[in-house]
Amino acid sequence: MEKKAHVLLVPFPAQGHITPVLQFYKRLVSKGVKATLVTTTYISNSTHSDPSIPFDIETISDGFDDGGYEQAENPHVYFTTFKSVGSQTLANLIRKLKDSGNSIDALIYDGSIPWARDVAKQFGVLGVLFFTQSCAVNSIYYHVNRGLLRLPLLGKPVSLPGLPLLEASETPSFIGSYGSYPTFFDVVVNQFSNIDDADTDWVLCSTFYELEKEVVDWMARKWRVKTIGPTLPSMYLDKQIENDKAYGVSLFNPDTSSVLGTWLDNKPTGSIVYVSFGSLAELGAEQMEEIGWGLKQSNCYFLWVVRASEQAKLPNNFIEETSEKGLVVTWCPQLKVLAHESIGCFVTHCGFNSVLEALSLGVPMVAMPRWTDQTTNAMYVENVWRTGIRVCLDDQEIVRKEVLEECIRRVLWGDEGKEIKKNANKWRDLAKEAIDVGGSSDRNIDEFVAHLVH
């Protein structure tokens with residue numbers, strides 16, 4: 001019997017990084033590869049898993065087994081400890097697997113933990129870099145890492161190969177607001193710290209070629225870059241992986257009772273504004289109030305995800321005053337919501353996973369970025385992919401209710417909204433084609449699997 005290739009997949013321990021890796025895991029398994037997902041002890045003990053979606057999971061330690069990132073006294077301590085303890089426990093895991101007859105052929109690691117590549121090299125294992133952010137964003141980080149883009153930007157436009165001209169405010173916040181988050185800056189820029197080793201291997205990107213072909217072509221001249229996305233459950237795209245309807249692992253309790261009843265089904269097609277700012281964003285009380293009254297003034301149906309820790313910031317009596325039009329929930333199955341015919345637009349923070357979901361499901365966006373890569377993603381949504389519009393901030397960096405109301409109305413009912421919807425449908429079709437049999441991403445995955453086997 002022919003031995004299966006065996007890969008370890010090591011995402012950074014955060015939902016936005018785990019999600020695309022999980023989907024790539026499923027793609028590899030569907031093509032005959034044995035895959036093992038490696039999470040931290042804390043993440044393994046904290047996640048809610050769908051028992052109908054089996055994963056082969058092993059654990060390593062980030063040094064904070066009881067509380068993960070939140071247990072560390074600051075980001076610097078967390079990342080430093082994770083590198084030290086994570087390297088040691090990952091090496092121990094590889095030895096354990098080898099001793100049990102489960103040697104690995106490749107270690108696929110998140111760009112945020114480049115030390116994992118060094119561990120792979122200790123054992124003569126193929127090291128494979130996996131980027132969860134867009135190629136455009138990673139290209140910017142690379143140019144900073146190599147000193148080719150000098151900081152601070154001082155308001156100067158940024159011109160880089162394969163990218164449109166960017167205003168300083170359209171670069172990732174760690175770059176445009178240089179010095180704002182020094183530890184995170186070091187993490188994202190140092191993704192490239194060992195990529196140019198003489199034995200540089202594969203670089204996999206959670207995007208699809210048609211979405212970013214200019215910058216992908218530029219990156220492919222430097223490394224063995226392959227796009228393998230969009231990384232959504234197969235039943236929303238090509239339907240090649242049977243019953244793949246959900247990601248399968250969540251750090252949040254998937255209580256869907258309030259959303260998946262009759263509320264969505266009873267609304268007209270394209271009438272609901274879906275609002276979500278991801279799993280990490282914390283908005284100030286003033287901003288929450290402006291969003292709330294902007295939604296109310298739009299007179300649209302709306303579904304707003306507000307985490308339990310953020311609900312105290314809602315305007316007084318807001319839920320009661322908007323109950324005829326709105327529904328506020330602490331969590332919802334975003335893919336199912338975005339795929340529902342009643343959704344008309346998505347007010348989003350523009351995390352790359354959320355953007356990919358909206359693009360892949362043909363949902364127009366109102367882009368309201370907060371930090372990190374979201375500012376660049378929002379620029380692409382409006383100016384490159386043309387599937388939405390960006391909100392404008394006032395001099396206090398607040399999106400006012402009138403601005404949000406106007407953006408929603410423009411997307412849902414304005415003339416430009418018709419063009420946005422047309423473009424959204426175009427990208428939906430291209431996303432499905434990319435991952436379908438014979439599409440650009442499917443071919444790239446096949447090529448990677450063939451490399452593992454031979």
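Tutor: Leu154 counts as exposed, because its relative accessibility is 68% and exposed means over 50% relative accessible area, buried under 20% and partly exposed in between, with a 1.4 Å probe and protein chains only. This is a predicted model, in which local features need pLDDT of at least 70 and side-chain atom pairs count only at pLDDT 80 or more, while totals for chains, interfaces and linings use all residues. Residues are numbered from 1 along each chain as its sequence is written, and side-chain values use heavy atoms, with hydrogens and water left out.

Leu154 lies in the loop between helix H5 (135–145) and helix H6 (173–176), where helices (H or I, at least four residues) and strands (E, at least two) are DSSP runs numbered from the N terminus. From Leu154 to Tyr178 the C-alpha to C-alpha distance is 9.5 Å, although 24 residues separate them in sequence.

Turning to the aromatic rings, the rings of Phe, Tyr and Trp (its six-membered ring) pair if their centres lie within 6.5 Å, and planes under 30 degrees apart count as stacked, over 60 as edge-to-face and the rest as tilted. By this rule there are 31 aromatic pairs. One of them is the tilted pair of Phe24 and Phe448, with 6.2 Å from centre to centre and 35 degrees between the planes. This pair links distant parts of the chain, since Phe24 belongs to helix H1 (residues 15–30) and Phe448 to helix H16 (residues 440–453), 424 residues apart. Phe24 is buried, with a relative accessible area of 1%, and Phe448 is also buried, at 0% relative accessibility. Ring pairs also join a cluster whose members include Phe12, Tyr69, Trp115 and Trp371.

Another ring, that of Tyr301, has the charged end of Lys325 over it, 4.4 Å from its centre, and the charged end of Lys267 also sits over the ring of Tyr301, at 5.4 Å; here a charge sits over a ring if NZ of Lys or CZ of Arg is within 6 Å of the ring centre and within 35 degrees of the ring normal.

At the level of the whole chain, the protein is divided into domain 1 (6–248 + 437–453) and domain 2 (254–431), with bounds that come from an automatic or database domain assignment. Their centres, taken over C-alpha atoms, are 27 Å apart. The contact between them, meaning heavy atoms within 4.5 Å, takes 37 residues from domain 1 and 27 residues from domain 2.
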